[in-house]
Amino acid sequence: MQPLETEPCLEEQSLLSAPGQEHWSWRSRARAWWYRQVSNGATSGWRSQQKSSILLILLIASLSVLLGIAYIVTLAFSPAPLGAPPPESTLSDDALCSWGNLYLPEIVIPVRYDHNLSCSFDPLTNSPARAQGQTAIRLRASQSTTCVVLHAGENVDITSVELVSLDRVISGRVLKRNPSLQQVILTFVDGLLQPTEPGPSAGKTVDLRPKGVGPNGDEDEQKLPTLVLNYTYEIQPGLDGFYASEFTDAEGVRHPIFSTQFESIAARKALPCFDEPRFKARFAVVLSAPPAPFVVLSNMPLQSTRNRTDGLAEYTFEVSPPMSTYLLAWVIGELASVETVCETEYKSVPLRVWSSPDKVGMLGTALSVGCTALMTLSTTFGVPYALPKLDLVGIPNFAAGAMETGGS
């Protein structure tokens with residue numbers, strides 16, 4: 001490597017000797033400045049200034065990033081995020097019946113879902129399976145209203161709407177669907193609604209407020225008004241909602257599996273519901289499907305079974321604790337399992353691991369690890385497992401990798 005020259009070349013000498021010439025370009029001026037610094041032995045100082053400038057720029061960039069992160073976190077945890085519903089006191093009946101907000105109003109909230117769904121299909125054909133459901137939602141309301149707003153996917157065809165209140169059955173209908181928000185606005189037939197106050201709304205308003213009802217409990221739930229929705233849809237292949245997949249056995253025979261994936265906003269594709277995490281409710285699930293060898297699972301333990309006259313088997317599950325809709329789950333398919341009982345510090349928890357029958361011999365490790373994890377987490381955090389059982393199910397088509405649905 002050659003040492004740096006300290007004497008400027010002829011070109012630079014001419015530039016330095018005529019500093020006032022107008023024809024100099026910015027490149028010429030820069031080169032002249034550089035040679036002047038070299039001649040004065042100030043190269044090391046210039047490099048020091050350069051490093052200081054770079055450090056200053058990096059410091060400013062870091063502060064900008066930190067301020068941006070702080071701003072995002074502030075927005076995320078703000079009690080009133082952009083687009084949040086207005087206070088209840090500002091919601092008129094007209095506003096509810098023309099709702100177009102991203103969030104559902106909190107005028108009417110669910111307390112319990114009685115969800116009854118039939119899954120009918122022919123395993124010997126490739127025709128799409130169909131779901132036919134009835135969901136009865138027990139409600140609380142903070143004011144009188146002619147309209148109820150909730151979620152329903154575009155695939156869900158709502159065939160009837162009724163409100164059972166104070167021993168009366170009040171007919172309703174879908175007033176409006178908002179495909180972009182996957183919301184439906186339900187209203188009730190004029191003339192059948194119980195008036196709650198005199199004036200222009202008389203004959204058009206039903207009071208959903210329960211009289212003398214406590215905060216929780218089955219006895220209170222029985223007194224709540226109930227929104228009853230009947231609907232149907234095809235169960236299509238996919239990766240969210242209630243969708244169809246399949247596995248192929250060693251003989252090359254295809255076997256269908258029907259399962260759910262509701263996180264984050266896909267429960268509405270399987271049933272009309274208040275599909276936001278803040279609307280927690282209890283779920284009483286009844287599923288109907290072809291009998292054995294088909295297995296039907298859900299979040300809670302199986303309570304009873306019966307054979308229906310149409311050839312389907314009906315499975316009734318215990319009522320769940322309050323939870324968000326995205327945690328609801330069920331699976332229908334030809335499955336096999338291995339099982340054990342995990343003795344945690346607080347209680348015994350039945351654990352089963354499910355897969356297609358040809359892979360049941362590979363489930364031992366999953367069973368052992370699942371039980372160890374359950375016991376370790378329960379002891380480490382000092383919290384008992386919240387549900388009475390745990391099913392781990394392997395699904396052929398599952399995009400999420402894993403899903404924290406309680407109990408299954």
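## Buried or exposed

A residue counts as buried when its relative accessible area is under 20%, and as exposed when that value is over 50%. Trp 330 has 0% relative accessibility, so this residue is buried. Please keep in mind that the model shown here is predicted.

## Aromatic pairs

How many aromatic pairs does the structure hold? There are seven of them. In one, the ring centres of Tyr 113 and Phe 283 are 4.6 Å apart with the planes at 0°, which means that this pair is stacked. Because Tyr 113 belongs to strand β1 (residues 108-120) and Phe 283 to strand β10 (residues 282-289), their contact ties together parts that are 170 residues apart in sequence. Tyr 113 and Phe 283 are both buried.

Next, look at Phe 262 and Trp 330, an edge-to-face pair with 5.5 Å from centre to centre and 75° between the planes. Phe 262 sits in the loop between β9 (254-261) and β10, while Trp 330 is in strand β14 (residues 330-333). This pair, too, links distant parts of the chain, 68 residues apart. With a relative accessible area of 1%, Phe 262 is buried, and Trp 330 is buried as well.

## A patch on the surface

Now turn to the outside. Leu 377, Phe 381 and Val 383 make a nonpolar surface patch of about 330 Å². Phe 381 is located in helix α6 (residues 364-381). Its relative accessible area is 62%, so Phe 381 is exposed.

Notes:
Residues numbered from 1 in each chain as written. Predicted model: local features only at pLDDT ≥ 70, side-chain atom pairs only at ≥ 80, totals over all residues. Heavy atoms only, no water. Phe/Tyr/Trp six-rings, centres within 6.5 Å; stacked < 30°, edge-to-face > 60°. Helix = DSSP H or I, 4+ residues; strand = E, 2+ residues; numbered from the N terminus. Buried < 20%, exposed > 50% of the residue type's maximum accessible area, 1.4 Å probe, protein only. Patch = residues over 30% accessible without salt bridge, like charges linked within 9 Å, V, L, I, M, F, W, Y side chains within 5 Å. Areas by Shrake-Rupley, 256 points an atom, 1.4 Å probe, with all protein chains shown as cover. Salt bridge = Lys/Arg side-chain N within 4 Å of Asp/Glu carboxyl O.
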